[in-house]
Amino acid sequence: MNVDGQRAITAVIGCLVVCLLAACNRGEIPLDERSRAVATVNGAVLSVADFEGTYVAFLINTGANDTPRNRHRHLNGLIDTYLLAEEARRRGLDRDSAFLAFEARALKKAVGGRFYETAFLATLPPLSDADVRRAFARSKQQVVVRHLFYRNEAEAQAAYERLQAGRDFVDEAQDCYGTAAYDSLAGYLGPIRYFQMDDAFAEAAFGLDVGQYTPPVRSRFGFHIIRVEDRILNPILTESEYQTRRAGIASQLRLRKRRLEGDRFVRGYMEDLDVQVNPEGIRALALALQDLEHRVTPEPLSMAPDVELAVLDLGALRAAFVPETPLATYRIAGETRTFTARDYYFWLEDLPFAEARHRTAASVGRALRNEVFAQAGSAQGLGDEAQVSREVENQSRIYLAGALQAQLRQEAAEAPPDEAFLREAYERMGRPRQQGSFEERKTELARTLGPLAPEFYLLKDLRGGATVDVDTLLFEQIMTLEAGETAHQVQ
């Protein structure tokens, strides 16, 4: 491959890495406003926090832009979720054993999350005006960066030591990325913005002078050595603009500091538990999970955000791997406790299966963290707080809506396609005539859209009988983009 082709591939890789590192760049309304109702659905409150949390997840998972159309579509989707969950309870789906297990897990997860807030977040010092002004100035700049990326910390440290010994950064990048021919653009990411990047990556990059590089920096994706090639400055920094943007900048900076310090808090907390791993148990569990790989549902049965139903056959896993098998021991409140496969199974449906299958020890560590945080929160009585009840209610609502959707689609798959629904969908699609008439495309439409017919008619009926009130003025304040900035988009 010639140099131009190699550069093109490197540029594409650079764009993909930027997209993966980028976070949603958005403004926020004040934190004390986030509990306000942006909508009510048959009296149930849909708060600003409910909308923002699920909307950010939607943008990240889909790579969509933050646009007025997407905001309204997402709000309508949440309203549908409320209505479907209400209907699911009327049909008794909240008495199903799978839901009861999910609800128990959601409660422990919420209690653990509340413990994290009280043990760590409440102890963070307030931001100073100097902190916010520094972040404001950085938000008006761009830094042009090149980086080396490693999954393994030892490899990153070895590369850093070679650089310290005098090796050229671009030469090291050739080895890091395995370029077939010398490429002067190896590892080049181009200009980045302060609030559009992974937190640790951004803080490290914007703290450098031109020509400097960092020691290995741990991001959500691995380890980076970052070098700043150039800075693009905006010489106009006005006090009036700072005062206008101060609240949004402070909110973004506060969230960043929480995430960065939070990672350190979690690692330190777990280290203090004197966790001792059972290597034989972990290896045996990994083999059992490997055997289950082909029993995983290929796609979530639910369209609701962040919900996967029937991710794997837990019954088969329990039969293949004894639930009483110890995976680790730890000390909490002066007592040594054992984390067993049964404890791991409790959390497994909330964990990424790819991690469980390919990085079993890390998956067990994630489940153990969830368990000990829940235990600590329960010991402090945090399960009785209204905030915890609200979180469990929200998660249960999403689950029930997804369960009803799955049930409706299964029923539709076993019945003849609803031709009236398919014809209406065809007309709404507005397809050009050259792509085929309705009769020519009916089979395809029946396969792709037919299962949605019962859900469509049910929601139409539920909407017709529902009382839905939207606070339009409050809704317009949510997720408003700052002038000249764009939200996360994966090209």
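Strands (E, at least two residues) and helices (H or I, at least four) are DSSP runs, numbered from the N terminus, and two strands pair if DSSP finds at least two bridges between them. This is a predicted model, in which local features need pLDDT of at least 70, side-chain atom pairs count only at pLDDT 80 or more, and totals for chains, interfaces and linings use all residues. Residues are numbered from 1 along each chain as its sequence is written, and side-chain values use heavy atoms, leaving out hydrogens and water.

**View 1. Strand S6 (residues 223-232) pairs with S3 and with S5.** S5 (residues 217-218) is antiparallel to S6 over 2 bridges, with Val 217 the bridge partner of His 224. The two strands form a hairpin with 4 residues between them, and Gly 222 in the turn has a positive phi of about 160°. S3 (residues 142-150) also pairs with S6 in the antiparallel sense, over 9 bridges; Arg 146 lies opposite Arg 227 of S6.

**View 2. Leu 382 lies in the loop between helices H14 (360-379) and H15 (386-413).** Leaving aside residues up to four places away in sequence, Leu 382 touches (heavy atoms within 4.5 Å) Val 111, Arg 114, Phe 115, Thr 118, Gly 377 and Val 388. Its C-alpha atom is 7.2 Å from that of Phe 115, 267 residues apart along the chain.

**View 3. Helix H3 (residues 68-90) crosses H15 at roughly 80°.** Their axes, lines fitted to C-alpha atoms over the stretch in contact, with angles from 0 to 180 degrees between N-to-C directions, come within 8 Å. H3 is therefore roughly perpendicular (65 to 115 degrees) to H15. Among the residues making the contact are Tyr 82 and Leu 84 of H3 and Ile 398 and Leu 404 of H15.

Terms used. Parallel < 35°, antiparallel > 145°, perpendicular 65-115°, else oblique.
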